[in-house]
Amino acid sequence: MNLIAEATKIQGSNFIAEVEKTAQRLGFHASWLLAIMYYESRFLHNVTNPQSGATGLIQFMPSTAQALGTSTQALARMTAIEQIKFVEKFYLPIKGKAKAFADVYLYTFASAYTNPQNAPDNAILATGQSAFYHCKTENVCTVADFKRYVTQKYNNDFPNTDNKIIYQNPQNNTMIQNQNQLFLTVIIGAILVYFVFFYK
């Protein structure tokens with residue numbers, strides 16, 4: 001799917017321009033915001049979840065809307081472009097802190113993580129049926145599960161996006177770094193042995 005084409009079809013080119021400017025100010029890729037809006041509302045700015053009351057482009061919860069100085073009723077009456085300023089206001093706490101789509105989506109799902117890149121991997125986000133819905137895991141959904149799932153989903157759903165980032169557990173990154181350092185040490189040692197004993 002082409003995110004920009006789909007959003008333009010529903011909300012128009014002026015909406016895309018506003019999303020791009022907002023993303024730039026927040027230090028995000030515009031495609032990250034568009035993907036979240038697609039997943040949460042299919043770009044429909046006035047849609048409301050009848051069970052939770054979540055409303056709008058990123059499905060603002062009633063308590064979230066109130067914290068932003070508005071209400072879900074007011075958000076539903078706004079145009080998509082008018083609503084974008086509240087999208088930006090919502091994400092201000094992680095301005096410049098998100099390094100991947102999964103970081104932004106984690107904050108959308110659990111706004112307590114104002115430094116989503118460094119959220120503890122083993123922190124539990126959901127259990128039971130909710131865990132399966134949000135992470136496709138059984139019983140428990142952790143931060144690591146959530147980031148891995150939404151990253152894979154993003155890459156699969158939007159294959160033409162030019163900013164794919166593969167989620168890796170930081171512990172795995174450390175292991176890879178240690179292996180690389182060990183390999184480099186062995187190579188350097190072999191070179192030194194060659195020069196000391198064989199080079200003439």
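This is a predicted model: local features need pLDDT of at least 70, side-chain atom pairs count only at pLDDT 80 or more; totals for chains, interfaces and linings use all residues.
Student: Great. Where is His 45?
Tutor: His 45 sits in the loop between helix H3 (30–41) and helix H4 (62–67). Helices (H or I, at least four residues) and strands (E, at least two) are DSSP runs, numbered from the N terminus.

Student: Is His 45 buried or exposed?
Tutor: His 45 is buried, because its relative accessible area is 18%. Buried means under 20% relative accessible area, exposed over 50%, and partly exposed in between, with a 1.4 Å probe and protein chains only.

Student: And what does His 45 contact?
Tutor: Leaving aside neighbours within four places in sequence, His 45 is in contact (heavy atoms within 4.5 Å) with Gln 11, Gly 56, Leu 57, Leu 75, Met 78, Thr 79, Ala 80 and Gln 83. For Met 78, the backbone oxygen lies 3.5 Å from a polar atom of the His 45 side chain.

Student: Ala 80 and Gln 83 came up there; which residues of H6 are buried?
Tutor: Both of those are, along with Ile 84, Phe 86, Val 87, Glu 88, Phe 90 and Tyr 91. The cover over the buried residues of H6 includes H1, H2, H3, H4, helix H5 (72–77) and H7.

Student: What about Tyr 91, which residues does it touch?
Tutor: Not counting residues up to four places away in sequence, Tyr 91 touches Leu 26, Phe 28, Leu 33, Ile 36, Ile 58, Val 104, Tyr 107 and Thr 108.

Student: So which residues have the most contacts inside the largest nonpolar core?
Tutor: Tyr 91 is one of them, with Phe 15, Phe 28, Met 37 and Phe 101, in a core of 52 residues. A nonpolar core is a set of buried Ala, Val, Leu, Ile, Met, Phe, Trp, Tyr and Cys residues joined through side-chain atoms within 4.5 Å. H3 gives the most to this core, with 9 residues.

Student: Changing topic: what is the phi of Phe 43?
Tutor: Phe 43 has a positive phi of about 70 degrees although it is not a glycine. Most residues other than glycine have a negative phi. Phe 43 lies in the loop between H3 and H4, and counts as buried because its relative accessibility is 0%.

Student: What about Gln 59?
Tutor: Gln 59 is not a glycine either, and has a positive phi of about 55 degrees. The place of Gln 59 is also in the loop between H3 and H4.

Student: How many disulfides does a search of the whole structure find?
Tutor: The search finds 1 disulfide (a pair of cysteine sulfur atoms within 2.5 Å). Cys 135 and Cys 141 form it, with their sulfur atoms 1.7 Å apart. Cys 135 counts as buried at 4% relative accessibility, and Cys 141 is buried at 0%.

Student: Last one: what does Asp 145 touch?
Tutor: Cys 135, Thr 137 and Val 140, not counting residues up to four places away in sequence. Asp 145 is found in helix H9, and its C-alpha atom is separated by 8.7 Å from that of Asn 122, 23 residues apart along the chain.

How values were computed: Residues are numbered from 1 along each chain as its sequence is written. Side-chain values use heavy atoms; hydrogens and water are left out. A polar contact is a pair of N or O atoms within 3.5 Å; within protein, one must be able to donate a hydrogen and the other to accept it, and residues adjacent in sequence count only if both atoms are side-chain atoms.
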